[in-house]
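This briefing is for a reader meeting the structure for the first time.

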Amino acid sequence: MLFRSGNLDSCMYFLDKASDIFQSLHDDEKLSNALSAKANAYYIRGNFELALRHQLSALELRQRSNNKILVAKSLNNLGLIYRSKKDYPNAIKYYLQSLEIKQQLHDDRGMINSLINISSAYNSSDKFDSTYLYASRSMELAKKINSEKDIYGSQINMAAALIGQGKLEEAEPLLYTIEQKAKSHNDKSVLITTYEGLGDIYLSRKNFTTAESFFQKGLATARLNQRKELIRVFYSKLAKSYRGLARYNQAFVYADSAATLDHADRKSTRLNS
């Protein structure tokens with residue numbers, strides 16, 4: 001409940017108390033859950049070093065108790081943290097380890113999640129053939145269990161791969177289809193990626209007005225999700241759009257905002273690591 005309300009300070013206070021209690025009781029599983037939750041709170045705050053430290057501690061406890069379900073969750077969360085740190089090889093390594101356990105457990109939905117995450121990490125690494133391959137595998141599984149949300153969640157990575165491969169005419173209609181499905185589910189994470197993809201397409205066509213419109217939609221949605229790293233991405237892309245429109249004052253404002261966020265994030269990491 002505290003995560004959902006955004007009250008992270010209160011969340012951390014109670015998680016610290018819970019960690020102390022579970023440690024005194026020698027309850028490794030519940031302690032690992034508290035540590036993992038603390039890692040998630042630090043992750044939301046953008047403090048990836050402390051998120052990594054707590055998630056690794058949770059993983060060690062979970063491996064000791066041989067709880068495969070929880071081990072797979074920690075491995076997946078470590079992948080998310082490394083991806084946010086832009087350490088894509090390590091992100092993919094942990095995602096693949098999580099996927100292997102989920103395959104052993106015959107966890108179709110968990111496998112879909114891992115496949116989508118692997119695909120996203122490859123996309124961030126500009127390895128678009130691998131992006132498309134893993135996104136296709138996740139879509140096949142999503143169709144098997146008839147999960148529309150996972151189908152379009154896979155398709156968004158397929159569209160990103162097509163953009164990276166320069167196949168804009170294939171990517172564009174797919175993104176418009178995904179936009180409508182994501183809106184019907186109020187899926188802000190997918191909408192953010194959709195707007196970024198459509199903006200990138202129009203930016204490459206030098207249609208700066210339409211690109212700016214999609215990037216503004218993406219920025220507004222990223223703000224709702226309080227994802228600072230994504231807000232920074234849209235600031236940078238809006239700066240490019242405004243330069244293309246010869247609106248240099250606005251271009252400077254957005255470029256400066258992106259630089260300020262980047263500097264603040266690096267400073268926070270140094271102070272809290």
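**A buried asparagine and its surroundings**

Asn157 counts as buried, because its relative accessibility is 6%, and the cut-off for buried is under 20%. The model is a predicted one. Asn157 sits in helix H9, which covers residues 148-164.

**Contacts of Asn157**

- Leaving aside residues up to four places away in sequence, Asn157 touches Ile116, Ser119, Ser120, Thr131 and Ala135.
- Ile116, Ser119 and Ser120 also belong to the H7 side of the contact between H7 and H9, and Asn157 belongs to the H9 side.

**Helices H7 and H9**

- Two packed helices are described by the angle between their axes and the distance between the axes.
- Helix H7 (residues 108-124) packs against H9 at an angle of about 15°, and their axes are 10 Å apart.
- H7 is therefore roughly parallel to H9, since angles under 35 degrees count as roughly parallel.
- The crossing in which H7 passes H9 is left-handed.
- On the H7 side, the contact is made by Arg109, Ile112, Ile116, Ser119, Ser120 and Asn123.
- On the H9 side, the residues are Asp150, Gly153, Ser154, Asn157, Ala160 and Ala161.
- By class, this contact of H7 with H9 has four nonpolar, six polar and two charged residues.

**Helices H4 and H5**

- Helix H4 (residues 48-65) and helix H5 (residues 68-84) pack with their axes 9 Å apart, at an angle of about 160°.
- H4 is therefore roughly antiparallel to H5, because angles over 145 degrees count as such.
- H4 passes H5 in a crossing that is left-handed.
- H4 brings Phe48, Ala51, Leu52, Gln55, Leu56, Ala58, Leu59, Arg62 and Gln63 to the contact.
- H5 brings Leu70, Val71, Lys73, Ser74, Leu75, Asn77, Leu78, Ile81, Tyr82 and Ser84.
- The residues in the contact of H4 with H5 comprise 12 nonpolar, five polar and two charged.

**The chain as a whole**

- The secondary structure of the chain consists of 14 helices and zero strands.
- The chain has 273 residues, of which 48% count as buried.
- Among contacts in the chain with a separation of 6 or more, 50% are between residues 24 or more positions apart.
- The accessible surface of the chain is about 14000 Å², and carbon and sulfur atoms account for 50% of that surface.

Conventions. Residues are numbered from 1 along each chain as its sequence is written. This is a predicted model: local features need pLDDT of at least 70, side-chain atom pairs count only at pLDDT 80 or more; totals for chains, interfaces and linings use all residues. Side-chain values use heavy atoms; hydrogens and water are left out. Helices (H or I, at least four residues) and strands (E, at least two) are DSSP runs, numbered from the N terminus. Buried means under 20% relative accessible area, exposed over 50%, partly exposed in between (1.4 Å probe, protein chains only). Contact means heavy atoms within 4.5 Å. Axes are lines fitted to C-alpha atoms, for helices over the stretch in contact, and angles run from 0 to 180 degrees between N-to-C directions. Angles under 35 degrees count as roughly parallel, over 145 as roughly antiparallel, 65 to 115 as roughly perpendicular and the rest as oblique. A crossing is left-handed if the near helix is turned anticlockwise from the far one by less than a right angle, and right-handed if clockwise. Ala, Val, Leu, Ile, Met, Phe, Trp, Tyr, Cys and Pro count as nonpolar, Asp, Glu, Lys and Arg as charged, and the others, Gly among them, as polar. Accessible areas come from the Shrake-Rupley method with a 1.4 Å probe; for residues, only the protein chains shown count as cover.
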